[in-house]
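Here are my notes on the model, as numbered points. Please read them alongside the coordinates.

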Amino acid sequence: MARSKAKQDASQSAGEDDIVMQEPPASHQPDLDETDASMAEGEGEEGVEGEFEDEFEEEEPQRVKLLPGSTPTAASFEFLNEGHTLGNALRYVIMKNPDVEFCAYAIPHPSEPKMNVRIQIWEAAGTTAIEALEKGLKDIQDLCDVVTDKFLVARKDFKE
């Protein structure tokens with residue numbers, strides 16, 4: 001019993017020393033009042049919408065970066081918020097380039113939204129790994145455009 005009494009005394013004295021926060025933490029979300037709630041739902045004056053658009057048109061963070069230790073003929077790139085879908089397609093398309101000696105991708109850890117791509121170019125190719133990546137991304141974009149066009153034509157034919 002003496003121990004539990006000592007614990008109670010200690011917890012009561014600790015409660016007296018609690019720190020009172022002057023400002024809410026950065027993660028604190030303010031309560032919505034009626035005017036804020038109507039704006040969140042898209043209601044309100046039309047002029048207000050233009051003011052918010054400027055806030056949301058911030059520049060997107062850089063999603064691809066060149067990793068340290070890269071050379072013009074062998075480079076590693078880190079893609080943020082990408083996974084196997086882009087990684088495998090990009091690897092396949094880049095390997096179709098005759099200047100590319102090696103291309104592979106890896107997801108370092110499943111809980112991290114990162115994908116690493118490694119590209120090596122033949123020494124005599126006269127191009128760089130960065131140019132091979134750019135060409136691969138452009139080729140995937142062109143391929144997606146062709147697939148989209150064919151899909152839209154097929155959908156149109158199906159509806160008729």
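1. I begin with one residue of this predicted model. Leaving aside residues up to four places away in sequence, Val117 touches Ala75, Ser76, Phe77, Phe79, Leu90, Cys103, Ala104 and Tyr105. Val117 lies in strand E4 and counts as buried because its relative accessibility is 3%, under the 20% cut-off. Its C-alpha atom is separated by 7.5 Å from that of Gly87, which is 30 residues away along the chain.

2. As background, nonpolar side chains in soluble globular proteins tend to be buried together.

3. Helix H5 covers residues 129-159, 31 residues in all, and its first and last C-alpha atoms are 45 Å apart, close to the 45 Å expected at 1.5 Å a residue. Its buried residues are Ala129, Ala132, Leu133, Gly136 and Ile140. They pack against strands E1 (64-66), E2 (74-80), E3 (100-106) and E4 (114-121), and against helix H4 (84-95).

4. On the cysteines: which of buried, partly exposed or exposed describes Cys103? Cys103 is buried, because its relative accessibility of 6% falls under 20%. Cys144 counts as partly exposed because its value is 43%, between the 20% and 50% cut-offs. A search of the whole structure returns zero disulfides.

5. For the overall layout, the protein has five helices and four strands, in the order α-α-α-β-β-α-β-β-α along the sequence. Of its 160 residues, 16% count as buried. Among contacts with a separation of 6 or more, 49% are between residues 24 or more positions apart. The accessible surface is about 13100 Å², and carbon and sulfur atoms account for 54% of that area.

Methods. Residues numbered from 1 in each chain as written. Predicted model: local features only at pLDDT ≥ 70, side-chain atom pairs only at ≥ 80, totals over all residues. Heavy atoms only, no water. Helix = DSSP H or I, 4+ residues; strand = E, 2+ residues; numbered from the N terminus. Expected span 1.5 Å × (residues − 1). Buried < 20%, exposed > 50% of the residue type's maximum accessible area, 1.4 Å probe, protein only. Contact = heavy atoms within 4.5 Å. Disulfide = S-S within 2.5 Å. Areas by Shrake-Rupley, 256 points an atom, 1.4 Å probe, with all protein chains shown as cover.
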